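Dear colleague,

I am passing on the structure below, and after it you will find my notes on what came out of the analysis. Please read them alongside the coordinates.

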Amino acid sequence: MNSEQIILFTIFGAVFGLLLWGRWRYDIVAFGALMTAVVLGAVDVEHAFEGFGHEATLIVALVLIVSAGLVRSGAVYLITRTLVDSTRSLGSHIAIMGGIGGVLSAFMNNVAALALLMPVDIQTARKAGRAPGLSLMPLSFATILGGMVTLIGTPPNIIIATIRQDSLGESFSMFDFAPVGGVAALAGLAFVALVGWRLIPAREDAVVRGSDLAPYVAELTVPEGSKQIGRRVGELHETAEKADVAIIGLIRNGKRLYGNARNNVIQAGDALVLEASPEALDEFRSTLSLAFSDDRREELLTADSEGLDVIEMVVKPESRLNGKTAQGIGLSWRQRAVLMGISRQGRRITSQVRKTVVQPGDILLLLVQKDTGSDVAEWLGCLTLADRGLAVTQDTKTWAAIGMFAGAVLLASLGVMDLAIALGLVVIAYVLMRVVPLQELYDHVEWPVVVLLGSMIPLGQALEASGGTTLIAESLIWLTDGWPAWAILTALMVVTMTLSDVLNNTATAIVAAPIGIQMARGLDVSPDPFLMAVAVAASSAFLTPIGHKNNTLILGPGGYRFGDYWRMGLPLEILVVAVSIPAILVFWPL
């Protein structure tokens, strides 16, 4: 072992130790390790920042932006509103949500897929009167499993494909992971839906977090040409219930109709009076293609706008709105803002929202042009509440957004265009269409992951160049001397899986993939089955809440404890190994 190898092994050992300790965030640890390696001469200065321009880093960033565009376009609402039903049994709900999560995470980042579906799952649990912890862990595991199927489903697959490109001269294509990853995902999803969820400890005291959004009385207008024209108000109640919205009335020609107007036939220009949280209001609006306000106000708001924000603010005693109406002070034409709803603790509002006299302490839900919320609040003399991170769904662009993404996947799959270029064109199209506003383009990039990749890739390359990965591979070959091929693959999977359970799965893939290639060379066999074993194993982090970001995201909302994950995770990992090894030997023979 030479001095360079000693330095790099020491640095990697420190990285793993610090990541396990968890005191500092993984991107700071990785960047600090890179700087240390440069100072000690283990990484050349001219190669120190090549990881930040590496194709894997770029693809991960682009996938996150494209995922945000699919959310903003309403593509996810299109799927979930037709398939999710709170009246189903828990097992059926887990099977359907797991299937949706698995399919979505195959074509978008699996962290983004969980972030999309988690609020839906929590809302469904609340409606069904059960603890969200009974279904959140199965959903998390399903999105992790789905990410194994395609190149863009999870960062480890992207990294392994680019390492193959660098080492062997050719990358994996979009669906090369599907035969093995698909078998593992289908077997895992079946286990989660039929058996796994029964192993989760039930805690009735688990808290449903994220459901504390204030209910607002709001209005949505039926535009000309709407499919809702001619229907009775009562026919919308099923859709409203799915979105967790209460229809409490109808306004026509400026007058509130009697009662909740269940039997009234809807006409163009009618305004539905609703009680809902901001997120539920946007889902209901997107589902039925309703308008925020009348056409003139909406055109005024969206003209020359780079995007829209939904903001909440509380009315102070000295506010210019105090004792007045939004219409009376010219909120729409003076500030290009639309009052969507009013939350008044303890009292129901019965008049039109824009004509309601505002009182101190009221909480207003406003639709404003992008990045103008603070200016509107200052003009009104109101106090802006904490940012909810709410986005306005661009439901008129749903199919265009889906079509462009599908086209990019098809072109990349057929080899017509490089994946990074195809995704880059989709991002540009989303910006030009304002599906993703330019001002928030970079907000969707998970910069800690970018820094982690940019830092770890040069370290991994240095370890390989120094002969460190060859040394590890030779040690594993020596330990498994005389074993059959399937047993050696199994040993590699178990070691990689163990690392992924306690470390970031991206870092695990960067370290384990070159080792797999060196093991294959030492055995004089094809490296592809070893890379596939690493790909599946690096994504199979089911034992702890720290191995995969999806498991971390559900820890609080699900009311889980650290030791809850292995109950379903351990048999799932054993199953993944059991089905993956035969699949690898069939589809990627040695």
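Thr154 is buried, its relative accessible area being 0% (buried means under 20% relative accessible area, exposed over 50%, and partly exposed in between, with a 1.4 Å probe and protein chains only). The residue is found in the loop between α7 (133–146) and α8 (155–168), where helices (H or I, at least four residues) and strands (E, at least two) are DSSP runs numbered from the N terminus. Leaving aside residues up to four places away in sequence, Thr154 touches Asn110, Gly147, Asn505 and Ser539, a contact being heavy atoms within 4.5 Å.

On provenance, this is a predicted model, in which local features need pLDDT of at least 70 and side-chain atom pairs count only at pLDDT 80 or more, while totals for chains, interfaces and linings use all residues. Residues are numbered from 1 along each chain as its sequence is written, and side-chain values use heavy atoms, with hydrogens and water left out.

Turning to the sheet, an open arrangement of 8 strands runs in the order β3-β2-β4-β1-β6-β7-β5-β8 with antiparallel pairing, where two strands pair if DSSP finds at least two bridges between them. Its edge strands are β3 (255–256) and β8 (382–384), each of which pairs on one side only.

Strand β1 is mostly covered, with 6 of its 6 residues buried, and this holds for both faces: Tyr216, Ala218 and Leu220 are buried on one side, and Val217, Glu219 and Thr221 on the other. β1 pairs with β4 in the antiparallel sense over 6 bridges, and with β6, also antiparallel, over 2 bridges. Val217 stands opposite Glu275 in β4, and its bridge partner in β6 is Ile342. Further along, β6 (residues 337–343) and β7 (residues 363–369) pair in the antiparallel sense over 6 bridges, with Ala337 opposite Val368 of β7.

Thr384 touches Glu312, Met313, Gly373 and Ala377, not counting residues up to four places away in sequence. Thr384 and Val315 are 69 residues apart in sequence, and their C-alpha atoms are 9.0 Å apart in space.

As for the helices, two packed helices are described by the angle between their axes and the distance between the axes. Helix α3 (residues 55–72) and helix α17 (residues 447–465) pack at an angle of about 170°, with their axes 9 Å apart; axes are lines fitted to C-alpha atoms, for helices over the stretch in contact, and angles run from 0 to 180 degrees between N-to-C directions. That makes α3 roughly antiparallel to α17 (under 35 degrees counts as roughly parallel, over 145 as roughly antiparallel, 65 to 115 as roughly perpendicular and the rest as oblique). The contact is made by Ala56, Thr57, Val60 and Ala61 of α3 together with Val449, Val450, Leu453, Gly454 and Ile457 of α17.

Helix α3 is largely enclosed by the rest of the structure, since 15 of its 18 residues are buried, and Gly74, whose phi is positive, near 90°, follows it. In α18 (residues 468–479), the buried residues are Gly468, Thr469, Ala473, Leu476 and Ile477.

With best wishes

Notes:
Expected span 1.5 Å × (residues − 1).
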